[in-house]
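Please open the model in a viewer and keep a selection panel at hand.

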There are 2 protein chains.
Amino acid sequence: MRDQYQQQLDSVLTELVQMTVVVRAALAQATVSLLTADATLAEDVISGDLAIDEARERIEDDSFDILARQNPVAGDLRMLVASLRMVADLERMGDLSVHVAKVARLRYPTSAVPASMVSTIKQMAQTADEMISSAAEIVASRDVDAALELEAADDAMDLLRESMFRILLSDSWSDGVEPAVDMALLGRYYERIGDHAVSMGRKIVFLVTGQHPAAV
Amino acid sequence: MRDQYQQQLDSVLTELVQMTVVVRAALAQATVSLLTADATLAEDVISGDLAIDEARERIEDDSFDILARQNPVAGDLRMLVASLRMVADLERMGDLSVHVAKVARLRYPTSAVPASMVSTIKQMAQTADEMISSAAEIVASRDVDAALELEAADDAMDLLRESMFRILLSDSWSDGVEPAVDMALLGRYYERIGDHAVSMGRKIVFLVTGQHPAAV
């Protein structure tokens with residue numbers, strides 16, 4: 001009976017880690033659709049969000065099932081509630097990937113990203129991807145050291161966002177208002193995806209150590 | 001014993017409703033600081049966010065205390081987990097109000113809002129305020145009919161955001177890139193505050209009716 005209970009708990013964490021893989025793929029596709037003005041790929045990301053929503057429902061149902069039947073206490077209780085929040089973080093990262101894909105679709109057949117911004121967007125997407133990957137590692141292994149990497153990547157994302165604003169608010173910006181608005185919002189979407197990864201990592205660190213990460 | 005338990009549950013919901021009052025005040029102050037370029041008021045909103053974070057911690061601690069000691073089942077269990085999520089929604093609305101105040105501070109002593117955008121920003125702030133108020137009513141009274149108002153206000157917010165984009169992407173926009181970027185981000189902050197209110201309302205509707213609102 002206890003073994004089955006432990007298996008159920010482990011299975012929730014495994015499902016969470018699997019969900020990070022789906023979210024990373026959605027974000028990667030959204031970024032490619034944005035940079036290459038690929039409307040079909042953008043549509044795939046938008047329609048594929050349903051699978052992320054369904055994964056969320058499945059993990060929620062499983063977590064509530066354990067909460068209701070097993071009366072978990074202390075650490076297990078907190079882990080389950082943290083899982084319910086992490087699954088909300090992941091669903092939101094999926095939604096934000098859809099927002100990226102929708103900008104790609106809106107500006108098709110042109111790419112929404114001006115030449116001067118391609119490198120920054122690529123780096124933001126890469127940083128966000130690494131952050132989701134680190135969060136997954138922390139969930140899978142409870143490796144709190146990986147949380148330090150996550151905080152460092154979060155700082156890198158802040159610098160990228162600042163550099164983006166410097167470019168689009170400089171006198172040499174010649175792409176006009178519409179691309180500037182697109183970039184400001186895209187920068188926000190990538191930053192928020194990173195924030196949700198940080199949020200996941202911090203939840204696990206708090207569960208394992210009882211301490212909020214120093215960087216909070 | 002059961003009476004005390006029921007009191008503890010009720011007290012969590014009462015604290016949530018009180019937190020909506022603090023968040024509404026923060027948002028209202030942030031909007032005034034933005035429209036009047038009042039840096040002191042903006043600072044008040046930014047430093048006042050600590051009280052919102054503390055309210056979140058208090059409600060979380062109380063909820064975990066009930067979860068751990070009382071082993072609530074079924075409806076009560078779901079209500080407590082929903083409370084833990086609603087308190088996260090409210091904290092996030094506080095953070096977004098801080099973002100609004102930070103734009104005010106960044107552009108001080110000028111107002112960040114060009115004359116052509118004052119009316120739209122006022123309407124967005126008013127709509128977001130009504131949405132938090134409706135969410136509070138739904139939490140306080142479990143009045144699921146108020147959820148319909150909330151969905152209608154959410155539609156109104158979408159229209160305001162569209163109207164904002166029409167203005168700032170029109171040929172007659174003469175305020176340049178920086179105010180356009182500020183407006184796009186501010187529009188996003190107000191919209192997200194509204195989204196979190198909708199999210200709170202939907203959680204209660206689901207708890208009361210077992211159904212997701214039709215508009216989802």
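The stops below go from the chains to helices and then to charged side chains.

**The two chains**

The model shown here is predicted. Begin by colouring chain A and chain B separately. Chain B can be laid on chain A by a turn of 180° with a shift of 0.0 Å along the axis, at an RMSD of 0.0 Å. The two copies are thus related as by a two-fold rotation axis. Next, select the interface residues of chain B: 100% of them are also interface residues in chain A, so the copies meet through the same surface.

**Helix α5 of chain A**

Select residues 146-168 of chain A, which form helix α5.

**Helix α6 of chain A**

Keep α6 of chain A on display. Step past the end of the helix to A:Gly210, which follows α6 of chain A and has a positive phi, near 75°.

Side chains of opposite charge can pair when their charged atoms come close. The structure holds 30 salt bridges over all chains. For one within chain A, select A:Arg202 and A:Glu151, whose side chains meet at 2.9 Å, N to O. The pair links distant parts of the chain, with A:Arg202 in helix α6 and A:Glu151 in helix α5, 51 residues apart.

**A salt bridge between the chains**

Now select B:Arg85 and A:Glu60. These residues form a salt bridge in which the closest N and O atoms are 2.7 Å apart. The pair crosses between chains, from helix α3 (residues 74-107) of chain B to helix α2 (residues 39-70) of chain A. B:Arg85 is buried, with a relative accessible area of 15%, and A:Glu60 is buried too, at 13%.

**B:Arg56 and its surroundings**

Move to B:Arg56, found in helix α2 (residues 39-70) of chain B. Which residues does B:Arg56 touch, leaving aside those up to four places away in sequence? The contacts are A:Arg85 from the other chain, together with B:Met19, B:Val87, B:Ala88 and B:Glu91. B:Arg56 is buried, with a relative accessible area of 17%.

The side chains of B:Arg56 and B:Glu60 meet in a salt bridge of 2.8 Å, N to O. Being 4 residues apart in helix α2 of chain B, the two are separated by about one helical turn. B:Glu60 also counts as buried, at 13% relative accessibility. To finish, select A:Arg56, A:Glu60, A:Glu91 and B:Arg85, which salt bridges with shared partners join into one network.

Technical notes. Residues numbered from 1 in each chain as written. Chains lettered and ligands numbered in written order. Predicted model: local features only at pLDDT ≥ 70, side-chain atom pairs only at ≥ 80, totals over all residues. Heavy atoms only, no water. Least-squares fit on C-alpha atoms with pLDDT ≥ 70 in both. Contact = heavy atoms within 4.5 Å. Buried < 20%, exposed > 50% of the residue type's maximum accessible area, 1.4 Å probe, protein only. Expected span 1.5 Å × (residues − 1). Salt bridge = Lys/Arg side-chain N within 4 Å of Asp/Glu carboxyl O.
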